Amino acid sequence: MSLLDKETIHRKLAVILENLQALQPILQMSREEYIADLYRRKATERLLQELIEAAIDINIHLIVQTGHPAPDDYYESFLKAGEIQVLPTNLAEKIAPSAGLRNRLVHQYDRIDPSIVLQAVRMAEDLYPVYVKHVEEFMSN
């Protein structure tokens, strides 16, 4: 992997970590407080979208750079990252549904349920630091 590729991945990992940090205050909010604050809701949705997109970009980049065909969709990018041992399979399976949330946020298929977004923030706080750790380990090998 070229130095440029590594720099790109490190930049995307930084987006994930920065957005996780920015989401910390949301974890302290009640559902009612969250729903009442339009600006925090919109900021939360955008931070999650950027975080998930950064991970998808990393997945696709690592999959293709290691000589594998590009995944058919964003969900599969996580599963393939598990198959090629960037991520443990169980982590890949747990984190893959975040691709669906990204699609709902971007395309606004329907009204976004604030409870789902709050649940996604908790999931991101649990799983994405582990995701970052495994990507960094993969790149150092």
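The legends below describe close-up views of a predicted model.

**View 1. Packing of helix α4 against helix α6.**
Helix α4 covers residues 74–83 and helix α6 covers residues 98–107. On the α4 side, the residues in contact are Y74, Y75 and F78; on the α6 side, they are S98, A99, R102 and N103. By class, this contact of α4 with α6 has four nonpolar, two polar and one charged residues.

**View 2. Packing of helix α3 against helix α6.**
Helix α3 spans residues 38–65. The angle between α3 and α6 is about 130 degrees, and their axes are 9 Å apart. With that angle, α3 and α6 are therefore oblique to each other. The crossing in which α3 passes α6 is left-handed. From α3, the contact takes in E45, L48, Q49, I52, E53 and I56. Their partners in α6 are S98, A99, L101, R102, L105 and V106. Sorted by class, the contact of α3 with α6 has seven nonpolar, two polar and three charged residues.

**View 3. Packing of helix α3 against helix α4.**
Here the helices pack at an angle of about 55 degrees, with the axes of α3 and α4 9 Å apart. These two helices are therefore oblique to each other. Their crossing is left-handed. Helix α3 contributes A55, I56, N59, I60 and I63 to the contact, while α4 contributes Y74, S77, F78, K80 and A81. The contact of α3 with α4 divides into seven nonpolar, two polar and one charged residues.

**View 4. The largest pocket and its lining.**
The largest pocket has a volume of about 250 Å³. It is lined by 15 residues, of which R41, K42, E45, R111 and I112 are the closest to its centre. At least two lining residues come from each of α2 (31–36), α3 (38–65) and α7 (114–140). Helix α3 supplies the largest share of the lining, five residues. By class, the lining holds six nonpolar, two polar and seven charged residues.

How values were computed: Residues are numbered from 1 along each chain as its sequence is written. This is a predicted model: local features need pLDDT of at least 70, side-chain atom pairs count only at pLDDT 80 or more; totals for chains, interfaces and linings use all residues. Side-chain values use heavy atoms; hydrogens and water are left out. Axes are lines fitted to C-alpha atoms, for helices over the stretch in contact, and angles run from 0 to 180 degrees between N-to-C directions. Helices (H or I, at least four residues) and strands (E, at least two) are DSSP runs, numbered from the N terminus. Contact means heavy atoms within 4.5 Å. Ala, Val, Leu, Ile, Met, Phe, Trp, Tyr, Cys and Pro count as nonpolar, Asp, Glu, Lys and Arg as charged, and the others, Gly among them, as polar. On a 1 Å grid over the protein atoms alone, a cavity is a set of points where a 1.4 Å probe fits but cannot get out, and a pocket is an open set with protein on both sides within 12 Å along at least five of seven lines; lining residues have an atom within 4 Å of a point. Grid points are joined across faces, edges and corners, and a volume is the space filled by probe spheres set on the points. Angles under 35 degrees count as roughly parallel, over 145 as roughly antiparallel, 65 to 115 as roughly perpendicular and the rest as oblique. A crossing is left-handed if the near helix is turned anticlockwise from the far one by less than a right angle, and right-handed if clockwise.
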